[in-house]
Every structure is written in structure tokens, then in C-alpha cells.
Amino acid sequence: MKSGLGATAAAFAVLSLATATAEAAAKTTLKDWPKISSPVAKDPAIEKRIAEIVAGMTLEQKVGQMTQAEIRSVTPSQVRKYYIGSILNGGGAWPEMNKHASVADWARLSAQFYEASMSTDMKTPVPVIWGTDAVHGHNNVFGAVLYPHNIGLGAARDPQLVGDIARQTAAAVRATGITWVFAPTLAVVQNPRWGRTYESYSSDPELVREYAGYYVRGLQGDLKGGASAVATAKHFIGDGGTFNGKDQGENRYSLSEMINIHGPGYYGALEAGAQTVMASYNSWNDVAAGVNHGKMHGASDMLTGVLKGKLGFDGLVISDWNAIEQVPGCERAHCPQAINAGVDLFMVPDDWHEFIMATINDVKTGVVPMSRIDDAVTRILRVKMRSGLFENPPAASPLNGRSESVNNEAERALARRAVSESLVLLKNNRALPLGSVKRILVVGKAASGFGSQLGGWSMTWQGTENGSADFPNAEDFLAAARKAVGMGGKVDYSADAANVDVGSYDAVIAVIGELPYAEGKGDVTFPASLQHSERYPEDLAVVKAVSGKGVPVITVLYSGRPVYANDLINLSDAFVAAWLPGTEAGGIADVLIHSSSGRPVGTASDFRGTLPFDWPLAACPQSGKKADYLPRGFGLTYAKPGAVHTLPVKPAPKGCVAPAE
């Protein structure tokens, strides 16, 4: 350890031991899938009413209810004509494709779709339900507060914070006339190569389980309230354990590992009453048992046998975006295998009409039994009734159309606190906190602007194609630092530190980071290494430009995953993993910059975050090799400091040669 984190050995041992002890105490190895008791019990009156409605529906009306179309590809009149049961807005879809659509614009479109669904020729009209990916706040909506992505919330280890964020997110969603959220993501990520790592709270299954319960209860409330939204536990199951972290790839874990590693998040969500579950793109090949379950969307033994059977889930199962086309023998708009496997509602964003026609034909020809259709529609109606859609249209919510519900002082304060709690201090050689400094130099591409700070799922799907004007209420780090230093000091900025006299400053803060990404495009594809500076050499260059000049260098890293950064850590006097903090960078300044008296400028005085995942200390870390990782649970504080000596740095290999798992 002397060549690595030797001087922090004592602090590291205490933190690791405490974390390991708590996790061991919380974990009980299950032999089989547990039966979950949901707090949302079946209501005989609701069940009787559902049965009567289903009995009075035509086949066309039933299949329409099983169809979810995207707002760019369906109109209110088509919802009326084809009895569409659900709509969604994908990342980068807005009312009339206006990126800056107001809250009132969203609410108006919601009302149009709802009114269309209630004016069909059905014997009993069934309201449409609108779902959205509000995964770190209402992230598709102009001007909304965006919270840290899940990886940062996992570092905070504060379940009540997660519940509070969910409650605020529900209010923001209801303001736009939407009542269904595709969250929380409950992946227990095992390989940070995966581009969705930041959507995972932690590699600790028990933390994910605890967070799932708090999030679902915070979002759903009593289900029928005007500030409640339906939650979605996703993606069932094993998406965080694909081989080499490949998006939509193959999970090769055993049954016991699937139950005890990848299952707990769903136990927590269902125990809290989650009403919907989204099936996963990945497949599961239980190599140890010689059982290949195939793609989850076609796995009847998992969706019907485990989820609806052993776990006792009575809500609806929704497919992911065009995911049914990945089931062998299926097409984008035709997949009887997925219907028979247990998917109830189909996200066929553009090809919804073709799906309806093909499914009707499958029922008429006996490929899909009517009993399976009736079960799917029953589940869909059950969720709609439980959430109050039949009695209370979205427009009836007291929050409907209120722009202050997506961005207000209380919400910004909550997001700022979440940022402060999520920060993890990996190194601090007496460089932090900054107190009586008068001149600070801020460098790095990520300090000014919002791409790296927000990450993916921010106004657009990948978080790209955005500008500062798209986030009018947000604060980047440069603005936050200037506000924290105040009139008595000066903060200068240089993106690349070129031609800057570093010696004329009291401290340098380098803000670097990954460019935004989401699923697919965010993968670090094997055999590429996990070295950050290999993918972003400009970050290494800017830290090199300011290091060794006699001025303390504090590096703040924005990333959606733990990365190999020994070279950057060595060049820094302090190093902070800030993950993807969202719109309130003031939460970072609160912890880093204190007043001349030593007191914090904001509400946070010290670091409290700890690593939610193991942090790689090698460019090609080997699973199970302890020397290759700084363990989950590590995090320094001002109260318990520890010096970090030079870390070993080996040239990044041209490609990792050993399996990543």
C-alpha cells in the first residue's frame, strides 16, 4: 500500500471496515426469489369494476390499451381513433418540438391527449397515461431543477434525501400534466464500462434496495394525490451485470447472484408499492446452471414466473424503447413472444399502428390467447384506477400548469444539498478547504457551461446538442465559485490555462470531466482501458499546465463512473469526485470554499460522501484483485484527513487483454 494510498492506510482501514461490517450485517443470502407483500392491496370494488370494463371492450380497444406511442408520432385524434392506452415523450421530445416549451405548453398537450382518450366510442372510456424519463428531476423540461444523477446520490448514502428528491420530482412532473415516471433505475452495476453506470446508485445491493423503497414512496405518495406520480422499477433484471459492461448485452451471473445481487432493488421497490416494472434489454445466460433465459422481453419464466408469480407483482410490465425487436423471431412492431412472456404495455414509439394491426391478427389466429390480452389490459386498468386517473384528470391537480413547481427555492436548496452530500474527497494534502484566499484561478473545460456537469438525460437523450441558454436557471462551477469568493476576492477563468501566470494566484481549481453520454454511446467498449486521460487528453494537459507551480491545485472531476485517474490525482493537491451534480454547482463551492474565518460560505462544511463503487487504481483493473481498486465506502473528510502519496502510474495499454469479469 505504500506505493499507493499508504499514508491514508489508517483512515482507509476504518472506513472500509465500517462499511463492510454494515453491509455484511444487512445482507442475508436468499435461496429463492422472495414473496413480496405490497402495501397497495387489491381492492375488490376496483377489481369488479375492471372486470366489467374489460368484458365490454372489443379486441381493438384492448390492444389499443396495450400500446404506448411517442408524442412525435401520435396525435390526440389518433389516440381517440385507436384507443391508445399510453403515450410517452422520449429524451429530446417536447410539445410541438419546441425545446423551450413552457410548463403550460406541456400541461396543455397533456389535457388534449387526456380529453381525446375520454371521448372515444368505448362503452367505458379509459384515460390515457403519459410516462416520462424524469431520472434526475424533470430533465426534459426547460428551466427545471436537475439533481445529481443516481451515482452521486449513492455516494451520499442518505435514503431520506432520495425520498425528498422523488417527492419534488413528482410535483414537477404533475405540473406538466404527466402522471407516470420511468424511475427509479435499480441496476446494481458491476462494471463501470457500462454507459448507464451513473443511473445506478451503487454496486451494493442493499443500498439499492433501501433507496428503491424511499424513492418509490416519495414519488407515489398515496398514488391518488395531485402531487403523486406512478413509479417504474427498471430494468428487470440484471442490466447492471452484463459481460464487460456492454449495453443491452448478456448477463452471465448465476441464479443465486441474480437473486442476491440484481434482485434486491426490486424487492425494495415492490415492498414500497411500485405499480409498474420495465423489462430490460439484456439477456440472462446462467452459464453455471447451463440455462439460457434469453432476452428479458421474451423470458416468460422471469416476467411471469418470477416477477408476477414468485414476487407477487400485480401491476403492469412495460417494454423498453423498441426492445421487442431484439427478441429472437420478433420485429419492431410484431412480437407475440413478448406478449405471451408477460409484457403488458408495449413501448412502440413510432410503429404503434403496425403493432396494433399485427397483434390483433395474432389474437385472431390464436398465436396470442385472449386470456393473455385480458390479463394485460386488467393490469393496465388496475394501475390507472389505483392512481386516480379515472376520477381525476391530470389537469385537476393543483400543481397543473404551475411553472414554479419545476423550479423553486426549496427545490434548488434540496438539489444544492444533494450535490454537497454527494462529493467524495479522494485526496487532500492540506489544500482544502479554501479559506482566506483572495485570488483563485479556475481552469478546465467543465468549469464553464453545463454539458459535463449535467451528463446524459438532460434536455436531450444523450445530453448533447445543448447550450447554456437551455438551462436558464442553472449555475455552473465558475459562477458558483465567483459567488462564494464574493467581492473580497477574484476568480479568473482559463479553459486551457494557456499563457496564465499561475504563480500570481493563491489556489487553482481544475474542473474536468467526461463529455455527456447516455446508454449505448456511453460505453467504454472492451478492450479500451478505463483511464480518463486516455479518452480526454485535454484534461491531463490542463492539470499539467497548472501543477508544480508552487500553488495548490484542487481537481474536481465530473464523471458518470469511477475512472482510473492516478496521473491526475498525482498532479493534484486535492482531488474530488463530483460525479454528475446537476444544475446546482453551488453545492460544490459550499464544501470547497470557506470564508476567511474558516466557516463555510454555504450550508455544507465538510465532505460526507463515500465511494458508491470501487474506484479503479489500474487502467485495466481485474475483478477480485484488491490492489486494483480503492474500495467502495472510501472517502476522506476535513475532520479525518489523510495525506495521499504518489500513486503508481503505468502507461495506458493499447488494449486490456484480460476479461473484465
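Start by selecting Ser254: Ser254 touches Trp284, Asp286 and Ala288, leaving aside residues up to four places away in sequence (a contact means heavy atoms within 4.5 Å). Ser254 sits in the loop between strand S6 (250-251) and helix H9 (255-262). Helices (H or I, at least four residues) and strands (E, at least two) are DSSP runs, numbered from the N terminus. Is Ser254 buried or exposed? Ser254 counts as buried because its relative accessibility is 18%; buried means under 20% relative accessible area, exposed over 50%, and partly exposed in between (1.4 Å probe, protein chains only).

Quick note before moving on: this is a predicted model, where local features need pLDDT of at least 70 and side-chain atom pairs count only at pLDDT 80 or more, while totals for chains, interfaces and linings use all residues. Residues are numbered from 1 along each chain as its sequence is written, and side-chain values use heavy atoms, with hydrogens and water left out.

Next, select the sheet. Its 5 strands form an open sheet in the order S4-S3-S2-S1-S11, with parallel pairing (two strands pair if DSSP finds at least two bridges between them). At the edges you'll find strand S4 (180-181) and strand S11 (346-347), each pairing on one side only.

Now go across it:

- Pick strand S1 (residues 67-70), which pairs with S11 in the parallel sense over 2 bridges. Click Thr67, and its bridge partner in S11 is Phe346.
- Move to S2 and S3, which pair in the parallel sense over 4 bridges. Here Asn89 stands opposite Thr132 in S3.
- Stay on Thr132 and look towards S4: there its bridge partner is Val181. S3 and S4 run parallel, joined by 2 bridges.

Which residues of S3 are buried on its two faces? Ile129 and Gly131 lie on one side, Trp130 and Thr132 on the other, and all are buried.

Finally, zoom out and show everything. The protein has 21 helices and 19 strands. Its C-alpha atoms fill a box of roughly 80 × 55 × 40 Å, taken along the principal axes. Of its 661 residues, 63% count as buried. Among contacts with a separation of 6 or more, 78% come from residues 24 or more positions apart.
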